Amino acid sequence: MKTSLLPSLICPSCHSGSLKAISFGKKSQDISLGILLCTCRQWYLIEDGILELLTLDLNQDRRASFYANNIRHFKKLRLLASKKISSRTSRQASKIHQSHFFDSFSEHYVLETQPFWQAYYRRSLHSFTQLLHSHSLILDVGCGNGLSSLPLLRQGHTVIGADISRQMIKDAIFKSQHSKAHYLVADAENLPF
């Protein structure tokens with residue numbers, strides 16, 4: 001996670017802008033392993049450089065595993081493990097299912113190789129980019145593997161890509177490697193901006 005993204009973010013739980021980045025490794029502009037901590041004491045994991053800004057109900061299992069693997073850091077911060085949520089709404093279960101589906105689907109995601117979709121994205125992005133000022137800041141909600149983000153980055157725009165699938169975000173980061181690209185796991189119905 002690039003720390004330059006921090007001023008743009010809010011806590012998806014309390015909707016406060018008081019987030020602090022804490023690295024569990026060496027200090028730098030990019031955090032590979034650590035957390036974002038809000039003044040409401042909610043924390044959001046950063047692993048392999050990927051920020052997961054999802055509420056506990058959508059990320060309970062990953063957070064529990066992350067906490068167990070990094071317990072010494074949490075003890076230093078005096079943060080306790082999150083209480084287990086016993087039941088989920090059908091909406092929450094549906095979002096978790098969607099996340100798992102696209103995580104498993106990501107290696108078979110071939111839209112960018114299909115001539116029809118190449119033409120579709122080229123045409124729709126061309127129309128969209130005509131409306132943009134140069135060097136715009138663009139939020140790509142449901143960015144998937146960065147298919148729409150990459151052409152925008154090449155045109156000099158800054159892109160923040162958000163998707164509920166961690167694997168799709170991982171693929172987008174791998175593909176872009178661009179200084180103006182920021183990708184994170186987030187819920188489109190509770191955006192952390």
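Modeller: A residue is called buried when its relative accessible area is under 20%, exposed when that area is over 50%, and partly exposed in between. Keep in mind that this is a predicted model.

The pair to look at is Lys95 and Asp187, and both of these residues are buried. For Lys95 the relative accessible area is 13%, and under 20% is what buried requires. Lys95 sits in helix H3. The side chain of Lys95 forms a salt bridge with that of Asp187, at 2.7 Å from N to O. This pair links distant parts of the chain, since Lys95 is in helix H3 and Asp187 is in the segment after E7, 92 residues apart. In general, side chains of opposite charge can pair when their charged atoms come close.

Which residues does Lys95 touch, not counting those up to four places away in sequence? They are Leu58, Ile164, Asp187 and Glu189. Lys95 and Gln118 are 23 residues apart along the chain, and their C-alpha atoms are separated by 28 Å.

Glu189, one of the contacts of Lys95, has a salt bridge with Arg91, in which the closest N and O atoms are 2.2 Å apart. Is Arg91 buried, exposed or partly exposed? With a relative accessibility of 48%, Arg91 counts as partly exposed, whereas Lys95 is buried.

Leaving out residues up to four places away in sequence, Ser99 touches Ile164 and Ser165. Ile164 is also among the contacts of Lys95.

From there the view moves to helix H6 (residues 166–176), which packs with H3 at an angle of about 40°, the two axes being 7 Å apart. H3 and H6 are therefore oblique to each other. On the H3 side of this packing are Phe102, Asp103 and Phe105, which meet Arg166, Gln167 and Met168 in H6.

Salt bridges that share partners join Arg166 with Glu47, Asp48, Glu52 and Arg62 into one network. Within that group, Glu47 and Arg62 meet through their side chains in a salt bridge of 2.8 Å, N to O. Glu47 is in strand E3 (residues 43–47) and Arg62 in helix H1 (residues 56–69), so the pair ties together parts that are 15 residues apart in sequence. Arg62 is partly exposed, at 29% relative accessibility. The count of salt bridges comes to 7.

At residue 176 of helix H6 is Ser176. Ser176 is buried, with a relative accessible area of 14%. Apart from neighbours within four places in sequence, Ser176 is in contact with Leu150, Leu153, Ala181 and Tyr183.

Gln177 lies in the loop between H6 and E7. Gln177 is exposed, with a relative accessible area of 63%, whereas Ser176 is buried. The phi of Gln177 is near 45°, a positive value in a residue other than glycine. Most residues other than glycine have a negative phi.

Notes:
Residues numbered from 1 in each chain as written. Predicted model: local features only at pLDDT ≥ 70, side-chain atom pairs only at ≥ 80, totals over all residues. Heavy atoms only, no water. Salt bridge = Lys/Arg side-chain N within 4 Å of Asp/Glu carboxyl O. Helix = DSSP H or I, 4+ residues; strand = E, 2+ residues; numbered from the N terminus. Buried < 20%, exposed > 50% of the residue type's maximum accessible area, 1.4 Å probe, protein only. Axes fitted to C-alpha atoms, helices over the stretch in contact; angles between N-to-C directions. Parallel < 35°, antiparallel > 145°, perpendicular 65-115°, else oblique. Contact = heavy atoms within 4.5 Å.
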